[in-house]
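Here are my notes for you, point by point. Have the model open beside you and click along as you read.

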Amino acid sequence: MRGLISMVHESKRSHYAVIFSSQRTEGDNGYGIMAEKMDQLASQQPGFLGVESVRDTSGYGITISYWDSLEAISNWKKNQAHQVAQQKGINDWYQNYSVKICKVEREYIK
């Protein structure tokens with residue numbers, strides 16, 4: 001299992017989590033470079049709070065990104081570079097995936 005990649009935030013107010021679960025296809029096919037670019041680009045977006053990501057040896061992974069508003073999530077989804085990455089994901093990188101958007105009311109951190 002690949003370790004947790006984390007740029008986690010500490011938020012004292014409610015915010016939103018985008019949970020992206022996916023099963024990768026075989027081979028990298030440019031995925032690693034694009035994933036790094038998207039992490040960097042997302043971190044520069046207004047409303048971005050942080051991200052956590054993990055993937056096991058079978059290729060199943062979960063990435064959770066945190067945002068301060070639904071508007072920020074919508075703007076990220078519409079980002080042109082992100083749309084290119086999404087299309088590559090659909091065509092080349094993921095056998096299947098799901099996206100869930102949740103409101104985080106409370107968070108406990110040790």
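1. (The arc is taken from the directions that run from the helix axis to the C-beta atoms.) An α-helix has 3.6 residues a turn, so residues three or four places apart point the same way. Here "buried" means under 20% relative accessible area, "exposed" means over 50%, and "partly exposed" is what falls in between, with a 1.4 Å probe and protein chains only.

2. A word on what you're looking at. This is a predicted model, where local features need pLDDT of at least 70 and side-chain atom pairs count only at pLDDT 80 or more, while totals for chains, interfaces and linings use all residues. Residues are numbered from 1 along each chain as its sequence is written, and side-chain values use heavy atoms, with hydrogens and water left out.

3. Now the overall layout. The protein chain has three helices and five strands, and from the N terminus the order is β-β-α-β-β-α-α-β. Helices (H or I, at least four residues) and strands (E, at least two) are DSSP runs, numbered from the N terminus. Of the 110 residues in the protein chain, 34% are buried.

4. Next, find the largest pocket, which holds about 970 Å³ of space. Its lining has 35 residues, and Phe20, Thr63, Trp76, His82 and Tyr94 lie nearest the centre. The elements giving two or more residues to that lining are β2 (15-24), α1 (31-43), β3 (48-55), β4 (60-67), α2 (70-78), α3 (80-93) and β5 (94-104). A pocket here is an open set of points on a 1 Å grid over the protein atoms alone, where a 1.4 Å probe fits, with protein on both sides within 12 Å along at least five of seven lines; lining residues have an atom within 4 Å of a point. The volume is the space filled by probe spheres set on the points, which are joined across faces, edges and corners.

5. What is the lining of the largest pocket made of, by class? There are 21 nonpolar, nine polar and five charged residues. For this count, Ala, Val, Leu, Ile, Met, Phe, Trp, Tyr, Cys and Pro are nonpolar, Asp, Glu, Lys and Arg are charged, and the others, Gly among them, are polar.

6. Then the rings. You'll find seven aromatic pairs in the structure. Tryptophan 67 and tryptophan 76 make a stacked pair, because their ring centres are 6.1 Å apart and their planes lie at 25 degrees. To pair, rings of Phe, Tyr and Trp (its six-membered ring) need centres within 6.5 Å; planes under 30 degrees apart are stacked, over 60 edge-to-face, and the rest tilted. Both partners are buried: tryptophan 67 has a relative accessible area of 1%, and tryptophan 76 has 10%.

7. Phe20, Tyr31, Trp93, Tyr94 and Tyr97 form one aromatic cluster. Look at tyrosine 31 in particular: the charged end of arginine 24 sits over its ring, 3.9 Å from the centre. (That label needs NZ of Lys or CZ of Arg within 6 Å of the ring centre and within 35 degrees of the ring normal.)

8. Last stop, the loop between β2 and α1. Threonine 25 lies there and is partly exposed, at 23% relative accessible area. Threonine 25 and tyrosine 94 are 69 residues apart in sequence, yet 5.3 Å apart in space, C-alpha to C-alpha. Asparagine 29 is in this loop too, partly exposed at 48%. Its phi is near 50 degrees, a positive value in a residue other than glycine.
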